[in-house]
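Morning, everyone. Let's look at how two chains meet. Here is the model.

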2 protein chains.
Amino acid sequence: MREEDLKQRLRARDLRITPNRLQLLTAVDGFVGAIPHTKLQADLASMDRVTLYRTINSLLEGGLIHRASANEQETYYALCEDSCQADAHQHQHIHFKCDTCEKIYCLPMRQDLHLNTGAFKVRTFEILASGQCEACASLEK
Amino acid sequence: MREEDLKQRLRARDLRITPNRLQLLTAVDGFVGAIPHTKLQADLASMDRVTLYRTINSLLEGGLIHRASANEQETYYALCEDSCQADAHQHQHIHFKCDTCEKIYCLPMRQDLHLNTGAFKVRTFEILASGQCEACASLEK
DNA sequence: CTCACTAATGCAACAATGTTGCATTTAAGG
DNA sequence: CCTTAAATGCAACATTGTTGCATTAGTGAG
């Protein structure tokens with residue numbers, strides 16, 4: 001994505017445009033799948049560790065990125081769709097972790113999920129899946 | 001659940017029966033929903049912090065309990081069904097966190113979920129949902 | 001362009017969570 | 001009982017995330 005587009009996204013959410021934020025967004029955008037926090041820290045080593053946490057938080061709150069958890073300690077981040085609101089992320093997708101290459105992918109939901117949970121009113125949900133990704137499956141053949 | 005049943009579960013998975021393990025299982029079993037780690041630590045304060053981690057690990061590996069993540073820092077644990085194998089948990093259920101009382105419930109899946117993810121082969125999945133639980137909904141009326 | 005104001009940053013310190021090594025104790029089978 | 005391997009407790013360490021505060025920098029107004 002062009003830097004100007006990233007700046008535009010920041011402006012759209014009333015977030016100041018700073019080198020750190022652009023660096024972070026570029027790193028997230030450039031990574032295939034959701035990027036692990038440790039990788040962010042390694043790639044953005046010039047940025048203070050605390051600043052990284054706070055920058056991530058700003059972008060999370062601003063709805064520019066989202067957390068893609070994977071049922072582990074490590075947390076992952078990915079860019080949001082344009083349609084995401086600051087307070088209401090529109091993520092009807094699956095966070096898929098490949099058992100082989102360990103990448104985290106955000107896959108679209110192709111089925112309208114109807115969570116039938118009786119008297120429990122579901123407001124949001126997230127699906128964590130694991131298995132084998134497309135790339136690793138084709139390598140195996 | 002009776003203590004004898006808990007012992008039986010330990011034996012079934014070739015795990016030694018120790019007071020710590022029985023305490024832990026009793027705490028998990030007695031809690032409504034999945035129990036947070038912090039609550040376990042508070043309730044089992046007599047147990048060494050490290051021993052708690054290791055005991056949890058043994059029971060996780062033995063398939064007696066499972067982790068119920070909730071897209072947060074805190075981790076939660078719940079008893080497994082009898083049918084769970086040590087290496088393959090049969091959890092086609094939803095981990096539901098109530099926004100009001102913050103309890104974590106393990107709800108059964110009433111719908112057969114067909115994850116249509118193209119060339120991505122799904123092996124396991126977990127659903128994290130949030131909303132309002134039955135108890136909190138009825139209180140509100 | 002400059003100024004003023006607020007938000008962002010960097011640093012230090014702290015807090016919470018989880019792990020490893022090692023010596024000691026204990027469960028379980030003979 | 002006795003033996004043996006597993007479980008436990010303690011100390012130390014590692015990782016991850018947070019808070020306070022002084023300094024710097026982005027932004028909008030003039």
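Start with the strands. S6(A) and strand S6 (residues 121–132) of chain B pair in the antiparallel sense, over eleven bridges. Pairing here requires that DSSP finds at least two bridges between two strands. Strands themselves are DSSP runs (E, at least two residues), numbered from the N terminus. Within this pairing, A:Ile127 stands opposite B:Ile127 in S6(B).

Some ground rules. This is a predicted model, in which local features need pLDDT of at least 70 and side-chain atom pairs count only at pLDDT 80 or more, while totals for chains, interfaces and linings use all residues. Residues are numbered from 1 along each chain as its sequence is written, chains are lettered from A and ligands numbered from 1 in the order in which they are written, and side-chain values use heavy atoms, with hydrogens and water left out.

Now the whole interface. On chain A, 31 residues are in contact (heavy atoms within 4.5 Å) with 31 residues of chain B. Between them the two chains bury about 2900 Å², with 56% of it on carbon and sulfur atoms. Buried area means the accessible area (1.4 Å probe) that two parts lose on being put together, summed over both.

What about charges? Two salt bridges are counted between chain A and chain B. That term means a side-chain nitrogen of Lys or Arg within 4 Å of a carboxyl oxygen of Asp or Glu. A:Asp99 and B:Arg123 meet in a salt bridge through their side chains, at 2.8 Å, N to O.

Which strands of chain A supply at least two residues each to the side that touches chain B? Strand S4 (93–98), strand S5 (104–108) and strand S6 (121–132) do. S6(A) gives the most, with twelve residues.

Key:
Helix = DSSP H or I, 4+ residues; strand = E, 2+ residues; numbered from the N terminus.
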